[in-house]
Amino acid sequence: MTLPPTTLDANDTFALIDRATARGYTTYTASFAGDPLHLPSRTSIEVYIR
């Protein structure tokens, strides 16, 4: 599932709430396309839902 674009808070963070529908591992990926002052970036985190 792709979530809508978001902006960062003043401290350069963001948060989301996802209601798990199944147990197991889920991977969340955040990406930034870049702009004239910043290179593109991408990161992922894997979480286990019990």
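Author: The following paragraphs describe the largest pocket and then some residues in the chain. This is a predicted model, in which local features need pLDDT of at least 70 and side-chain atom pairs count only at pLDDT 80 or more, while totals for chains, interfaces and linings use all residues. Residues are numbered from 1 along each chain as its sequence is written, and side-chain values use heavy atoms, with hydrogens and water left out.

Rolling a probe the size of a water molecule over the atoms shows where empty space is left. On a 1 Å grid over the protein atoms alone, a cavity is a set of points where a 1.4 Å probe fits but cannot get out, whereas a pocket is an open set with protein on both sides within 12 Å along at least five of seven lines. The largest pocket has a volume of about 950 Å³, a volume being the space filled by probe spheres set on grid points that are joined across faces, edges and corners.

Its lining consists of 27 residues, and Thr6, Phe14, Thr29, Ala30 and Ser31 lie nearest the centre of the pocket; a lining residue has an atom within 4 Å of a point. The elements that give two or more residues to this lining are β1 (24–32) and β2 (41–49). With seven residues, β1 gives the most. Strands are DSSP runs (E, at least two residues), as helices are (H or I, at least four), numbered from the N terminus. By type, the lining holds 13 nonpolar, 11 polar and three charged residues. Here Ala, Val, Leu, Ile, Met, Phe, Trp, Tyr, Cys and Pro count as nonpolar, Asp, Glu, Lys and Arg as charged, and the others, Gly among them, as polar.

Phenylalanine 14 lies in the segment before β1. This residue is partly exposed because its relative accessible area is 42%, with buried meaning under 20%, exposed over 50% and partly exposed in between (1.4 Å probe, protein chains only). Together with Leu3, Leu8 and Leu16, Phe14 forms a nonpolar patch on the surface, with about 370 Å² of accessible area. Patches are made of residues with over 30% relative accessible area and no salt bridge, nonpolar side chains (Val, Leu, Ile, Met, Phe, Trp, Tyr) being joined within 5 Å and like charges within 9 Å. A salt bridge is a side-chain nitrogen of Lys or Arg within 4 Å of a carboxyl oxygen of Asp or Glu. The areas come from the Shrake-Rupley method with a 1.4 Å probe, and for residues only the protein chains shown count as cover.

The segment before β1 also holds aspartate 12. Although not a glycine, aspartate 12 has a positive phi of about 65 degrees, and its relative accessibility of 59% makes it exposed. Threonine 2 is in the segment before β1 too and is exposed at 76%. Its C-alpha atom is 9.4 Å from that of threonine 29, 27 residues away along the chain.

In the loop between β1 and β2 sits proline 36, which is exposed because its relative accessible area is 84%. Glycine 34 belongs to the loop between β1 and β2 as well and is partly exposed, at 26%.
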